Amino acid sequence: MSTKIITPVAEFAELLPQEYKDLVARGPHGGRRSVRDLGTFKEIVDEHPHCAGCGVALAVRLLAAALPSPADTLIVGTPGCSFFSLVQTALNYSNTAFGNQNAVAAGLKRMLAIRFPQVHKDVVVVAGDGGIADIGLDMTLHSWFRREKITTVMLDNEVYANTGGQESGMSRLGRVLNMAPRGKLFPKIPVFELAKVSGCVYGARVTVAGPYRLGRVVRNAVLLARELGPTYVQVYAPCPTNMKFPPDQTLKAAKEAEKDHYSFEEFMSTEAAEYLARLKTAPEEREEAPEPAKP
Amino acid sequence: MYVTVRVEVEKCSGCKLCIVSCPDPNVLAFIPEAKHVVVNEHRCKGCGLCATVCPEEALTVSGN
């Protein structure tokens, strides 16, 4: 979705709503953007219905700003809290049946590679902990085993927040929730460790308390997925509504988790390290938004 | 009365920490010429995350 496609003809320009005019004039397409440029362009077009102080909404904002070429990125999501704001981003977005996101993304990536052989089309899966660790775990793991060149981003709020607070596989041991009054009976599913042994070339575990670091790892993950293989980013996004803390304490909760069970961790293969080192010496070589392909 | 955040532009240093900690889009915008942020009060949900990260204490949430 390049600026050329979304620009209306002059006769219609006045009739369109303000949000659409803003998307064309101040949208994320064209030019290089990063988390540091937030506040000077529109990364999400319209208001989203997330609760006040939502960690997931913050993570989606940062992620939308950190993508290396937004015009050539396709986001694949699944039901859950994350898709409320994902549908409002100025990006191509596709929703799937619950848990199927990595299977759909793998197919789309292969199709886009055939249709646009000259252009890097990034396929990024953005889903919650329920979609990736519980219902979609087999699809996620199999896409990694097959070395599909897609990026998987988990927005981990450690609860099924959208449906009232059931425990998810990623909830912490002993966590009492609205619909888990006896507390979680088993520990978190180690998806990050599974990613290491399942073929991911790059993985990172971050929280929303480090916005610039989140932006950096998402950019690395998307760029590496273009060339080498599957990549994985796990983002801790606390939920004030279900974890029962005031909405202005979200970042404090994320910082506390950083000291405890959500410390920053990054792994990469030897080829990935070499590739990133090469990017550092010649950053303009690959990060430039590619020219749109002719139909 | 709606709960919303207000910015004291004299105190604002333009570090943009509030912008990268706000979960809602297009609430806080940076004015490069004036080097401070402005608030769109109609979009703000009043969570107060920006006020907790502001090192200059330039942001206050009304109703608190």
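**Note on the predicted two-chain model**

1. Among contacts in chain A between residues at least 6 apart in sequence, 69% join residues at least 24 apart, a contact being a pair of residues whose C-beta atoms, placed from the backbone, lie within 7 Å. This is a predicted model, in which local features need pLDDT of at least 70 and side-chain atom pairs count only at pLDDT 80 or more, while totals for chains, interfaces and linings use all residues. Residues are numbered from 1 along each chain as its sequence is written, and chains are lettered from A and ligands numbered from 1 in the order in which they are written.

2. Chain A has 14 helices and seven strands, where helices (H or I, at least four residues) and strands (E, at least two) are DSSP runs numbered from the N terminus. Its radius of gyration is 19 Å, close to the 19 Å of the globule rule for 295 residues, so chain A is as compact as a globular protein of that length; the radius is taken over C-alpha atoms, and the rule is 2.2 Å times the number of residues to the power 0.38. Along the principal axes, the C-alpha atoms of chain A fill a box of roughly 60 × 45 × 35 Å.

3. The seven strands of the open sheet in chain A follow the order β2-β1-β3-β4-β6-β5-β7, with mixed pairing, two strands being paired if DSSP finds at least two bridges between them. Because β2 (92-95) and β7 (265-268) of chain A stand at the edges with a single partner strand each, one side of each is left without a neighbour in the sheet. Within this sheet, β5 (residues 202-207) and β6 (residues 231-236) of chain A run parallel and are joined by six bridges; A:Gly203 has A:Tyr232 of β6(A) as its bridge partner.

4. Helix α10 (residues 211-227) of chain A lies across β3 (122-128), β4 (151-156), β5, β6 and β7 of chain A, and runs at about 160° to β5(A); axes are lines fitted to C-alpha atoms, for helices over the stretch in contact, and angles run from 0 to 180 degrees between N-to-C directions. The buried residues of α10(A) include A:Leu214, A:Val217, A:Val218 and A:Ala221, where buried means 20 or more other C-beta atoms within 10 Å of the residue's own, exposed 12 or fewer, and partly exposed in between, with C-beta atoms placed from the backbone.

5. The axes of α6 (residues 101-115) and α8 (residues 137-145) of chain A come within 7 Å and cross at roughly 35°. This contact is made by A:Asn102, A:Ala103 and A:Ala106 of α6(A) with A:Met139, A:Thr140 and A:Ser143 of α8(A).

6. Two individual residues of chain A may be set side by side. A:Ala161, in the loop between β4 and α9 (191-197) of chain A, is buried, with 29 other C-beta atoms within 10 Å, and, leaving aside neighbours within four places in sequence, A:Ala161 is in contact with A:Cys81, A:Cys239, A:Thr241 and A:Asn242. A:Glu271, by contrast, lies in helix α13 (residues 270-281) of chain A and counts as partly exposed, with 14 C-beta neighbours inside 10 Å.

7. As for the interface, the contact takes 21 residues from chain B and 21 residues from chain A. On the side of chain B that touches chain A, α1 (17-21), β2 (28-31) and α2 (49-53) of chain B each supply at least two residues, and the largest share, four residues, comes from α2(B).

Key. Contact = placed C-beta atoms within 7 Å.
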